Amino acid sequence: MHDVTLPFVDRAAAGKALARLLPAYRGRPGAIVLALPRGGVPVGYEVASELGVELDLMIVRKLGVPWYPELAMGAIASGGVRVLNDDVLRMHGVDAHALEAVERRESAELHRRERAYRGQRPMPQLAGRQVLLVDDGLATGATMLAAVRAVRQQAPAAIVVAVPVAPAEVLEELRHEVDEVVCPFTPEPFSAIGRWYLDFSQTSDAEVVALLQRAWRREAGEA
């Protein structure tokens, strides 16, 4: 028996539920879903499919505290964006050398994922478009904030953050950064994203590539 009611069977179910909260973007010219790999891709795939809009990626890497890697002290994103959480850095005594080592490692992984997932496909142009940033949930919000700032560099018409589950206080902080925040579930206490899914098994690189290829074939009229 679970001590909480788990609202989502898996990421695909969460994506379908999320899409129902985004009717204004259904078939909307210029709208695009940018999923945050890896876990955000199954969610974003369902959102894009249900809404009939383009799917692509915003690759972001969390900068975890070296001795507590699940805790984000910041994040980096495509385009050279870096966001740091000064409170976490100070609280855990992370010095510049330790931060640089983590950032160097995560930057290498970010570039590896760009090559593995995108191949030769160029990044989409976002200027003047409605961009829906989708992940499977938020904990600290650091990775999503990095994604938001990376997207903003391209002058979109609007930025929407859409996630199935997140702490209310994190969503409140993001509302100051974007045009709209959509999240159906804000449990208290929050604990961890995986607690709110029955199946939160890790999404593989192969699954990410398969979903992207399926979406891109559909967009090209080949499905």
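Analyst: Happy to! One definition first: the domain bounds used here come from an automatic or database domain assignment. Please also keep in mind that this is a predicted model.

With those bounds, domain 1 covers 11-58 + 125-220 and domain 2 covers 61-118. Both domains give residues to the lining of the largest pocket, so the pocket lies between them.

How much space is there? The largest pocket holds about 1,500 Å³. Its lining is made up of 49 residues, and those closest to the centre are Lys62, Glu70, Ala139, Thr143 and Ile193. Several elements each give two or more residues to this lining: strands S3 (60-65), S4 (68-77) and S5 (81-84), together with helices H4 (96-118), H5 and H6 (168-175). S4 makes the largest contribution, with six residues.

For contrast, here is the next pocket. The second largest pocket has a volume of about 170 Å³. Among the residues lining it are Asp10, Arg11, Ala12 and Pro42, and also Asp199, Ser201, Gln202, Thr203, Glu207 and Leu211. Helix H1 (11-19) and helix H7 each supply at least two of its lining residues. That lining splits into three nonpolar, three polar and four charged residues.

The backbone deserves a look too. Most residues other than glycine have a negative phi, and most peptide bonds are trans. Against that background, a few loop positions stand out.

The loop between strand S8 (180-182) and helix H7 (205-219) contains Pro189, and a cis peptide bond joins Glu188 to Pro189, with omega about 0°. Ser191 lies in the loop between S8 and H7 as well. The phi of Ser191 is positive, near 75°. Is Ser191 buried or exposed? Ser191 has 60% relative accessibility, and the cut-off for exposed is over 50%, so Ser191 counts as exposed.

Finally, Ala155 has a positive phi near 55°, and its place is the loop between helix H5 (142-152) and strand S7 (158-162). H5 is also one of the elements that contribute to the lining of the largest pocket, which brings us back to where you asked me to look.

Conventions: Residues numbered from 1 in each chain as written. Predicted model: local features only at pLDDT ≥ 70, side-chain atom pairs only at ≥ 80, totals over all residues. Heavy atoms only, no water. Helix = DSSP H or I, 4+ residues; strand = E, 2+ residues; numbered from the N terminus. Buried < 20%, exposed > 50% of the residue type's maximum accessible area, 1.4 Å probe, protein only. 1 Å grid on protein atoms, 1.4 Å probe; cavity = no way out; pocket = protein on both sides within 12 Å on 5 of 7 lines; lining within 4 Å. Points joined across faces, edges and corners; volume = space filled by probe spheres on them. Nonpolar A, V, L, I, M, F, W, Y, C, P; charged D, E, K, R; others polar.
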